[in-house]
Amino acid sequence: SNTPLVTPQLYSGAYTGDIKYVVGHIINKIPNVSLFAFGFSLGSNVLIKYAGEMGESCPLAGCCSIGNPYDFLGGLRALHRTWFNRTVYSTQMAKNLSNMFRKHSHAFKDILEMDHEAIYNAKYLVDFDEACTRRAFNFRSADEYYRHASCAQHVPDVAIPTLLFSALDDPIAPPELIPYRESRANPHVILATTAHGGHLGWFDGTSIQNILFPGRRWFAKPVAEFAKAILLA
């Protein structure tokens, strides 16, 4: 977006300060507003972590999590099980993050622990998080950051109407990481899974059709219906 970075923070799946600030700002400006939040991928992890941290004090009317990774450490290990996922997903994510850091490296000049060369040369996602993310957010290791960031541990504390929408063939969030028991035990949470959909896919039509002529993503209809039902209740 070419927006200059003015603080030494890029992304962090563990940091919920941004959403707390935005929600609080909106409520201060429009006191009686009903807010429903949607989160996608990493954003959905932050959203559910926020909702769990806030518990019964959460000001949202409801929320929907789409393509949530749920467990960062387990997800990373699952991602690196196959050559394809290591090469296509982990390597590309590390490259994108390193390029983003390079554009804003001036904001990190006072963080002495950061090795800029290690960040620029990060091969996999975990290499970037070890060299940059965990240091920017004061974690002692990338694994500590991953464990702290994972939102699955916060699902039992969610106290607003919540829909968790996941595909069982998502390479970023394999089915063994989905918080089935936590969701069943929480009356505020509905967990919906689909056999197919990949990571934020859920295209209409067959796979061959979608390769030639990318279609619409059908997940928008059920999640919008859920949000509408909550807001009109």
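Trainee: Let's start with T16: buried or exposed?
Mentor: Begin with the cut-offs: buried is under 20% relative accessible area, exposed is over 50%, and partly exposed lies in between, using a 1.4 Å probe and protein chains only. T16 has a relative accessibility of 5%. That value puts T16 in the class called buried.

Trainee: And what kind of model are we looking at?
Mentor: Residues are numbered from 1 along each chain as its sequence is written, and side-chain values use heavy atoms, with hydrogens and water left out. Local features need pLDDT of at least 70, side-chain atom pairs count only at pLDDT 80 or more, and totals for chains, interfaces and linings use all residues, since this is a predicted model.

Trainee: Which residues does T16 touch, leaving out those up to four places away in sequence?
Mentor: T16 sits in the segment before α1 (17-29). Helices here are DSSP runs of H or I with at least four residues, strands are runs of E with at least two, and both are numbered from the N terminus. Contact means heavy atoms within 4.5 Å. With sequence neighbours up to four places away not counted, T16 touches V46, K49, Y50 and E53.

Trainee: How many bridges join β1 to β2?
Mentor: β2 covers residues 62-66 and runs parallel to β1. The number of bridges joining β1 to β2 is 5.

Trainee: How many bridges pair β3 with β4?
Mentor: Step across via β2 and β3, which pair in the parallel sense over 4 bridges, with S65 standing opposite L164 in β3. Then go on to β4, where A167 has T194 as its bridge partner. β3 and β4 also pair in the parallel sense, and their bridges number 6.

Trainee: How many residues of β3 are buried?
Mentor: In a regular strand the side chains alternate between the two faces of the sheet. On one side of β3 we have T162, L164 and S166, on the other L163, F165 and A167, and all are buried. So β3 is largely enclosed by the rest of the structure, and the count of buried residues is 6 of the 6.

Trainee: Last one: how far apart are the C-alpha atoms of F203 and L112?
Mentor: F203 is in the loop between β4 (189-194) and α9 (207-212), and its relative accessible area of 30% makes it partly exposed. F203 and L112 are 91 residues apart along the chain, and their C-alpha atoms are separated by 46 Å.

How values were computed
Pairing = 2+ DSSP bridges.
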